[in-house]
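Here is a short report for a first look at this structure.

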Amino acid sequence: MGIHRSVLPISLNLLLTKRNVESDFLMVDVNDITEFLNIIRNNDVYIYGAGFVAQNFYRCLKRLGLDERVMAFVTTENANRIIAGKDVILFEQIHCFDNTFFCIAVHESVKDEIIMSLKKRGIQNYVWVSPFLNDLFLGNPIEKQKTIQVGLIVNRNLFDYSFAIRFLAIEQFYEKNNVGYAIYLKAQKMHCENATAARRLENFINLIESCSRHGLMQNTCISVLSNLEIVDGWHRTSLACYLGQEEIKCNVYSSKVDTFELEREKFIVRVNLEDLKNGEFSIEEIELLEKTRQKIEALYK
């Protein structure tokens, strides 16, 4: 392949090493984010994906003045449309791979099938972008792997119903209710397609099961701003709360960012009361979520 080789952020290499991810998920050697961006600058880039993650990644590139390197968004269906001025095309429409680099920009639940489709065509010039979107959007962490009390993080984020949504799903796994999964799916469908929502629920159930058997992974970090607002890690923090874990490791980013802009750009997704009403949650479901939110709050009083 005619790719100009450069490489991934050190933070990503560390993350991948700690998660024991197979090398198939990262076929290009990358040492730091500067070298990764050099790959973008020197190659025709296809963003594999057209949803929430893909559009966030494109916004990052546009902020860095690299949007012209993006040839198109790539999908396996629902093509022949435009996103942010770029064509959405089918993977089968790409025939030349010289100096071409694929950025897999999808949720973790669907990345494996994309990787398999790339490998079937002998393509090795790709990377999954999600693990370092935070660095691209927010800059480098000001602190890495900082240990923070779970209660402090929970209390800072209780204005958001995201904890309650995940808490109810965890409770259904432990047979304490029979509505948690349905509420979780309804919340996910507010910002992703039905199939993706189902995969996310499946992944969450697998995570709950793993943690119930082995405990929470101690070598993975959630991402928070310095004011402790969660950027990424709602599922793991909810599990830490439910299982009574006192501390959790965090990568901390500066809170000197415009959080309203982050929410407007959908980089940070919040769930407030109006969102629940607009998401067609019933009065009974909203009341249950509020009771659950209060129950979580009471754990740290």
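## A pair in helix 4

By about how many helical turns are Lys111 and Glu108 separated in helix 4? They are separated by about one turn, because they sit three residues apart in helix 4 (residues 108-120). This comes from a predicted model.

The two side chains form a salt bridge, at 3.9 Å from N to O. Lys111 has a relative accessibility of 7%, so Lys111 counts as buried. Glu108 is partly exposed, at 41%. The pair belongs to a network of salt bridges that links Glu108, Lys111 and Asp112.

## Other salt bridges

The whole structure holds 14 salt bridges. One of them joins Lys295 to Glu171, with the closest N and O atoms 2.6 Å apart. This pair links distant parts of the chain. Lys295 lies in helix 13 and Glu171 in helix 7, 124 residues apart. Lys295 is partly exposed, at 39% relative accessibility. Glu171 is buried, with a relative accessible area of 9%.

Side chains of opposite charge can pair when their charged atoms come close.

## The nonpolar cores

The largest nonpolar core has 40 residues. Val224, Cys250 and Leu289 have the most contacts inside it. Several elements give two or more residues to this core, among them helix 6 (150-156), helix 9 (194-214), strand 8 (222-225) and strand 10 (247-253). Helix 7 gives the most, with seven residues.

What does Leu289 touch, leaving aside residues up to four places away in sequence? Leu289 touches Tyr161, Ala164, Ile165, Leu168, Ile183, Leu276 and Phe281. Another core, of 34 residues, lies apart from the largest one. Its members include Phe57, Leu61, Leu66 and Leu225. In soluble globular proteins, nonpolar side chains tend to be buried together.

## Helix 10

The buried residues are Trp234, Arg236, Thr237, Ser238, Leu239, Ala240, Cys241 and Tyr242.

Just after helix 10 comes Gly244, which takes a positive phi of about 80 degrees.

Definitions and conventions
Residues numbered from 1 in each chain as written. Predicted model: local features only at pLDDT ≥ 70, side-chain atom pairs only at ≥ 80, totals over all residues. Heavy atoms only, no water. Core = buried A, V, L, I, M, F, W, Y, C linked by side-chain atoms within 4.5 Å. Buried < 20%, exposed > 50% of the residue type's maximum accessible area, 1.4 Å probe, protein only. Helix = DSSP H or I, 4+ residues; strand = E, 2+ residues; numbered from the N terminus. Contact = heavy atoms within 4.5 Å. Salt bridge = Lys/Arg side-chain N within 4 Å of Asp/Glu carboxyl O.
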